[in-house]
Amino acid sequence: MLLKAITRLVAPVLILAFLHGCSQPAVAPDVSFTTLDGQTRQLSSLKGKVVLVNFWATTCTTCVAEMPKLVETYNKFAPKGFETVAIAMDYDPPEYVRNYAQKNGLPFTVALDSGGKAAKGFEEVRLTPTTFLLDKQGRVVQKYLGEPDFAKLHALLDKLLAEPA
């Protein structure tokens, strides 16, 4: 009888605490990556911007198919404080990544994930494309497995970019 009474009192509190904890976006890991020009950068250096982190590979047909849409998205939103970092998986030969980025004129940061540390930091990404959208505070607000619905992504970007830093 006493246990039932305690459960009735405590259960709602635990549920509310759980739901409150779940409503807060997780902070993105502060991974480092090496850009195609050889610079090592920390993801935290982009804090204050809305950031799309895309894990991809030149051998991934879905990745290659979505890349022009990522370019369009970047070109549309970059003037408003949006950044894209396309991180090639560690198994993708660096020369393939460089050639693809050059040939296709990728306007955003393209990085190599030598050793797979960035993918490991982001929930051990193994499938491509996997994309994370970060708000200005560096929190993960959306994760996409496969190609995003770009109309919905653009609507979310408008909302996130309108928020104060």
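**Close-ups around helix α2**

**View 1. Helix α2 and its neighbours.** The buried residues of α2 pack against β3 (50-56), β4 (82-88), α3 (94-103), β6 (130-134) and α5 (150-162), with contact taken as heavy atoms within 4.5 Å. Those buried residues are Cys63, Glu66, Met67, Leu70, Val71, Thr73, Tyr74 and Phe77; buried means under 20% relative accessible area, exposed over 50% and partly exposed in between (1.4 Å probe, protein chains only). Helices (H or I, at least four residues) and strands (E, at least two) are DSSP runs, numbered from the N terminus. This is a predicted model, where local features need pLDDT of at least 70, side-chain atom pairs count only at pLDDT 80 or more, and totals for chains, interfaces and linings use all residues. Residues are numbered from 1 along each chain as its sequence is written, and side-chain values use heavy atoms, leaving out hydrogens and water.

**View 2. The bend in α2.** Look for Met67, where α2 bends by about 35°, with Pro68 following within four residues. The bend is the angle between axes fitted to the seven residues ending at a residue and the seven starting there.

**View 3. Glu147 and Lys69.** These side chains meet in a salt bridge (2.6 Å, N to O), meaning a side-chain nitrogen of Lys or Arg within 4 Å of a carboxyl oxygen of Asp or Glu. Glu147 lies in the loop between β7 (140-145) and α5 and Lys69 in helix α2, so the pair ties together parts 78 residues apart in sequence.

**View 4. Lys80 and Asp158.** Here the closest N and O atoms of the salt bridge are 3.9 Å apart. Lys80 sits in the loop between α2 and β4 and Asp158 in helix α5, so this pair ties together parts that are 78 residues apart in sequence.
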